[in-house]
Amino acid sequence: MAYQWRTDMGGMARALTAHCDMLGEGVHWCADSQRLWWSDIEGEALYCCASDGSALRRWEMPERVASLAPTSKNGLILLGMASRLAVLNVADGAVHTLHALKLPPGVRVNDGRCDRSGRFVFGTMNEAPEHAPLGRFYRLNCNLSLELLDLPPVGIANSICFSPDGATMYFCDSCDSRILCCDYPSLANVRVFATLAIGVPDGSCVDAGGHLWNAQWGGWQVARYTPQGELERTLPLPVAQPSCVSLGGADMDELFVTSARQSLSPAQLALQPRAGALFRVSVLEARGLAESRFQFHAN
């Protein structure tokens, strides 16, 4: 029987799969294939299923995968792996490296999402306990060139997403309680978009109305912010560590949320037995915005 709870938005939510990830992340609804993708970073695995949790597939990865994006080449999934950017061939499970990254010791790839032009923007994080700001933001262009973005260094890069018109980029340092934004693609006018009251900002997505949805790690909730950065509503969850969000489903009215059981004590896990599960929530009046695929081209 599916684990369910009632949300303050009037919808019924449930865990989609029986297993729980150690660190579920990077959830991404592909509107073209009608499939949901996500990873278990610490489990070094990639998953795919239908919106109801059926047709579940799993691929073992050669290293940790923190972010991903479907691509313009059917059957190829772009992967933000710990030390490299790569593509997965879904048919045979082969992983092909695009860029081996030269990162400082203890730094790995973290959050990433395609901009509205189909370029993959991603960030890195410092895994040391103090999370000194050694992380940076990068962009993989459609011709496979890689560039460092002129944005402030961070301890844990997260919350990367884009406004519907592509003119605003959202991002954060999860060591901070703020979500930032800037003009895009110029990267000018870096400013505070929203400040969290509880938890820290993790993965985000933007809906068709320009509202930003943020998984708030340690806060037991997902929050929705207006395009002006005002807290519009919260969606309570039965897990403390929601990690990433994606809007999708056949009618683009379902919110998918990954979560984590990493770092939780046995006593804490007893209070949240489904920590690490992938959850689905009907969001009723809201509508998602199809995410861009990574667009391969020669120039």
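## Basis of the description

Two strands are taken to pair if DSSP finds at least two bridges between them; strands are DSSP runs (E, at least two residues), numbered from the N terminus. In β14, E147 is the bridge partner of R139.

The model is predicted, with local features needing pLDDT of at least 70 and side-chain atom pairs counting only at pLDDT 80 or more, while totals for chains, interfaces and linings use all residues. Residues are numbered from 1 along each chain as its sequence is written, and side-chain values use heavy atoms, with hydrogens and water left out.

## The open sheet β11 to β14

Four strands make up an open sheet, ordered β11-β12-β13-β14, with antiparallel pairing. At its edges stand β11 (107-114) and β14 (146-148), each with a single partner strand, so one side of each lacks a neighbour in the sheet. From one strand to the next the twist averages 25° (axes are lines fitted to C-alpha atoms, and angles run from 0 to 180 degrees between N-to-C directions). Strand β13 (residues 137-140) is joined to β14 by three bridges, and the two run antiparallel.

Strand β21 (residues 221-225) has five of its five residues buried, where buried means under 20% relative accessible area (1.4 Å probe, protein chains only). In a regular strand the side chains alternate between the two faces of the sheet. Q221, A223 and Y225 lie on one side of β21, with V222 and R224 on the other, and both faces are covered.

Five bridges join β21 to β20 (residues 212-217), antiparallel, and Q216 stands opposite Q221. Three residues separate β20 and β21 in a hairpin, where G218 in the turn has a positive phi of about 85°. Five bridges also join β21 to the antiparallel β22 (residues 231-236), in which P236 stands opposite Q221. The hairpin of β21 and β22 has five residues between the strands, and G229 in the turn has a positive phi of about 90°.

Technical notes. Buried means under 20% relative accessible area, exposed over 50%, partly exposed in between (1.4 Å probe, protein chains only).
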